[in-house]
Each structure stands twice: as C-alpha cells, then as structure tokens.
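Dear colleague,

Please find below the structure that I am handing over to you. My notes on its cavity and its sheet follow.

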Amino acid sequence: MAVGKEIRGKIKSVENTKKITKAMEMVAASKMRKAQERMRHARPYSDKVRNIAANLGKANPEYTHPFMKRNDAKAAGFIVVTTDKGLCGGMNTNVLRAVTSKLREFQAAGITPQTVAIGNKGFGFLNRIGAQVVSHVTQLGDTPHLDKLIGPVKVLLDAYAQGKVSAVYLSYTKFINTMRQEPVVEQLLPLTSETLKADEGEHGWDYIYEPDAQSVIDELLVRYVEALVYQAVAENMASEQSARMVAMKAATDNAGNVIAELKLVYNKTRQAAITKELSEIVAGAAAV
C-alpha cells in the first residue's frame with residue numbers, strides 16, 4: 001500500500017505543523033496580554049505631557065516652538081512602524097498598502113517623501129519599492145525601548161525643525177480589540193492647537209520654570225513627540241500579538257480540517273485495497 005503510506009506521511013507532517021501553530025498561538029496569547037498592558041500604561045504619560053505642553057503654550061503665547069510652525073519644503077517625512085517577524089495575517093500588508101498610497105499621492109504632487117522604518121518588514125518593503133530610507137531600526141524584541149527609537153526618529157524631527165520637510169506622518173497599526181486592528185497614517189508634525197488641548201476651566205495655568213519657559217517648552221514638546229512614537233510602537237506590538245494569535249488559531253483549525261480529510265481519504269484507500277484483496281482471494285478460490 002504505497003498510496004496509504006504516502007497519505008500516512010502527509011498526515012504526520014500536518015499533525016506536526018498543527019502542534020507548531022498551536023504552540024505559537026499560545027505564546028502569542030501570553031505576549032498579547034503583556035503588550036496590551038504596556039500599551040495602556042503608556043497612554044496616561046503621553047496625555048499628561050500633552051496637557052502640560054498645551055498649558056505652557058497658552059501661558060507663553062509669545063513663543064512658538066518649531067514643531068508648531070509650518071513651512072513650504074518640497075519634502076515630507078514618514079515614520080513607518082511594522083513588525084520584525086511575519087505570521088501575523090495581513091497586518092503588515094494593510095499598513096504598507098496605506099503608506100504606499102500616501103507616498104504615491106505626495107510624489108504626484110511633486111513632494112519627495114523621506115521615510116524612517118521601524119521594524120524589519122517595513123524596512124525591507126521600502127527598500128524594494130525604492131523609497132528613500134533616511135534611517136531605520138529593527139529587532140526591537142517584544143518590549144519597545146525608547147532609547148532605540150529616539151536616534152532614527154530624531155533624523156526626521158531635526159529635518160522638520162530645520163525646515164527641510166513640510167510635515168511628518170506616523171503610520172502604524174492601531175489596536176482596537178483582539179479581533180480588530182486598523183492601519184493608521186496620521187500627521188505627527190506640525191503640531192496644531194487642536195492636537196494640544198489645554199485643561200478646560202476658567203483658571204489660567206502657569207508654572208515655576210527652571211531654567212526658563214522656552215527651554216522647558218522645547219524639551220517638553222520633543223518628549224511629547226517621542227511619546228507619540230513610543231505609543232504607536234506599543235500599539236503596533238499589541239496588534240502584532242493579537243493578529244498572530246488569530247492567524248495561528250486559524251492555521252491550527254485548518255490543519256485539523258486537512259488531517260480529517262486525509263484520514264478519510266486514507267480510510268477509503270485502505271478499504272478499497274482490502275476489498276480488492278478479498279475479491280482476488282475469492283476469485284482464486286473459485287478458480288480452484
């Protein structure tokens with residue numbers, strides 16, 4: 001039964017694949033909970049920094065930070081956040097499709113896009129399509145570290161402050177819930193008054209500055225933009241683990257279906273072989 005042996009080999013192979021996908025599903029579920037907690041814990045920090053920066057700007061209207069000034073440079077920056085690894089469904093494909101559409105839109109308008117790649121998948125994709133990658137960072141692991149992100153991102157932040165790019169956009173996959181993640185391309189710079197909302201109320205806010213108000217505002221807005229990038233990476237990592245868990249569960253279920261179908265084929269083949277042997281025995285006995 002050479003055919004039966006071949007089917008048994010296929011069944012064994014699919015069963016091994018099912019064990020791997022099941023293990024990856026369980027690992028992704030464990031990492032997903034930690035990534036979600038990290039993402040939610042990062043939100044209050046960025047919200048508080050934004051409020052303080054808005055209050056400082058309101059208390060010192062005579063000073064405008066470079067991040068809040070517009071310019072007419074014929075270049076735009078894109079920070080593209082993707083994963084380092086695959087096996088997470090169409091997550092990277094969706095965000096890269098949105099980025100590609102935006103890049104073509106700017107190129108058609110005569111604006112040169114400059115990109116910063118965070119994550120191996122986005123870095124490889126941007127190189128393949130011939131995009132200008134001014135800096136990149138990969139192999140972030142399961143925990144985002146701000147010290148790894150500051151260097152690559154600072155390239156575009158400095159370019160904007162010097163008037164070399166007219167805007168900076170941040171693209172990542174936003175975590176909605178375990179079953180739903182959305183690709184996002186949002187404007188990071190210039191910061192607008194709508195982005196920075198001061199605390200509501202009739203009283204005015206002011207602070208005791210050290211060394212002076214301008215230095216504090218400069219440092220605070222840089223920290224705020226860095227916090228937005230960190231939050232985007234944290235959201236992307238939570239989305240990655242959720243998408244991988246769902247993808248691996250679907251792969252495990254599909255493997256189970258394939259195994260059931262192969263076993264049915266094997267049983268039919270085995271039954272046909274037994275029936276054939278019995279028929280030959282009966283025929284032989286009748287001939288005798």
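The largest cavity is lined by Leu146, Leu149, Ile150, Val153, Glu226, Val229 and Tyr230. Here a cavity is a set of points, on a 1 Å grid over the protein atoms alone, where a 1.4 Å probe fits but cannot get out, and lining residues have an atom within 4 Å of a point. Helices α4 and α5 are the elements that give two or more residues to this lining, and α4 gives the most, with four residues. (Helices are DSSP runs of H or I with at least four residues, strands are runs of E with at least two, and both are numbered from the N terminus.)

The model is predicted: local features need pLDDT of at least 70, side-chain atom pairs count only at pLDDT 80 or more, and totals for chains, interfaces and linings use all residues. Residues are numbered from 1 along each chain as its sequence is written, and side-chain values use heavy atoms, without hydrogens and water.

Turning to the sheet, five strands form an open, mixed sheet in the order β3-β2-β1-β4-β5; two strands pair if DSSP finds at least two bridges between them. Its edge strands, β3 (132-137) and β5 (180-189), each pair on one side only. Strand β4 (residues 168-177) pairs with β5 in the antiparallel sense over nine bridges. Within this region, leucine 170 has glutamate 186 in β5 as its bridge partner.

Yours sincerely,
A colleague

Key:
On a 1 Å grid over the protein atoms alone, a cavity is a set of points where a 1.4 Å probe fits but cannot get out, and a pocket is an open set with protein on both sides within 12 Å along at least five of seven lines; lining residues have an atom within 4 Å of a point.
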